[in-house]
Amino acid sequence: MKFSANIENSQSWIIENRDYLEINWNDQAISEHLQKENSFNFYLLDDDHPIGVLIGHFLYQDQNVSEFEILHIAVLPEFRNQGLGRMILEELEKQLKSTGKSVKIFLEASAINKFAIKLYEKLGYKAYNERKNYYGSNPINPSSLQDAILFAKNLNART
Ligand SMILES: CC(C)(COP(=O)(O)OP(=O)(O)OC[C@H]1O[C@@H](n2cnc3c(N)ncnc32)[C@H](O)[C@@H]1OP(=O)(O)O)[C@@H](O)C(=O)NCCC(=O)NCCS
């Protein structure tokens with residue numbers, strides 16, 4: 001397994017695997033994100049085949065501080081529950097720390113996404129807010145709206 005900042009045809013790979021990656025962005029949103037100057041993404045490769053991805057962007061950066069938002073993290077279904085989600089988050093932290101800056105990482109998760117929430121909590125992300133009924137209908141129960149939980153973690157905090 002190895003990480004790569006880019007893969008060939010990254011946009012097509014994400015679009016083709018959109019359902020498996022459980023990313024609900026449309027083609028345009030994916031394309032726009034990949035072209036944004038502040039976007040930061042990387043892929044987990046198994047035998048040169050992408051099996052996981054971290055999609056994010058820098059919200060703010062100056063000489064001493066950077067604020068980063070994880071927009072999506074995913075591992076293809078057949079590779080889940082083997083510690084790869086954790087590996088991807090640890091790689092992100094390693095890369096962000098290497099800048100020597102004080103880093104704050106933000107993300108949001110649907111309150112029903114138990115595995116994702118478990119993973120974030122294990123890695124020290126703290127829930128700091130909740131948005132009631134933030135996400136659209138739950139496909140299993142179309143009448144329900146899901147709450148979003150907002151998480152944050154500080155790296156290299158100097159204060
Ligand atoms: C969230 C996601 C990236 C986690 O990836 P993963 O490789 O399965 O994560 P890990 O194997 O590192 O497991 C993280 C924790 O969740 C638990 N977990 C994951 N899948 C599980 C399953 N099917 N059954 C029970 N526990 C599970 C693991 O046990 C682990 O806890 P542990 O250390 O106590 O064992 C993956 O489930 C995924 O791609 N989901 C779809 C996309 C998504 O929802 N992304 C999050 C958006 S906020």
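Of the chain's 159 residues, 18% count as buried. A residue is buried when 20 or more other C-beta atoms lie within 10 Å of its own, exposed at 12 or fewer, and partly exposed in between, with C-beta atoms placed from the backbone. This is a predicted model: local features need pLDDT of at least 70, side-chain atom pairs count only at pLDDT 80 or more, and totals for chains, interfaces and linings use all residues. Residues are numbered from 1 along each chain as its sequence is written.

Start with the overall form. Along the principal axes, the C-alpha atoms fill a box of roughly 45 × 40 × 30 Å. Among contacts between residues at least 6 apart in sequence, 54% join residues at least 24 apart. Here a contact is a pair of residues whose C-beta atoms, placed from the backbone, lie within 7 Å.

Next, the elements. The chain holds five helices and seven strands. Helices (H or I, at least four residues) and strands (E, at least two) are DSSP runs, numbered from the N terminus. From that end, the order is β-α-α-α-β-β-β-α-β-α-β-β.

Now follow the strand pairing, which requires at least two DSSP bridges between two strands. Strand β1 (residues 2-4) pairs with β2 in the antiparallel sense over three bridges. Lys2 stands opposite Leu45 of β2. β2 also pairs with β3, again antiparallel, over eight bridges. In this second pairing, Phe42 faces Leu54 of β3. The hairpin of β2 and β3 has two residues between the strands, and Asp47 takes a positive phi near 55° there.

Pro50 lies in strand β3. Pro50 counts as buried because it has 20 C-beta neighbours inside 10 Å. Leaving aside neighbours within four places in sequence, Pro50 is in contact with Ile7, Trp13, Tyr43, Leu44 and Leu45.

Beyond its neighbours within four places in sequence, Ile88 is in contact with Leu44, Gly52, Leu54 and Ile73.

Finally, turn to the ligand. Of the 19 residues around it, Ala74, Arg80, Asn81, Gly85 and Arg86 come nearest. A residue is near if its C-beta atom, placed from the backbone, lies within 6 Å. β4, α4 and α5 (114-122) each give two or more residues to this shell. α5 gives the most, five residues. The shell divides into eight nonpolar, six polar and five charged residues. Ala, Val, Leu, Ile, Met, Phe, Trp, Tyr, Cys and Pro count as nonpolar, Asp, Glu, Lys and Arg as charged, and the others, Gly among them, as polar.

Methods. Two residues are in contact if their C-beta atoms, placed from the backbone, lie within 7 Å.
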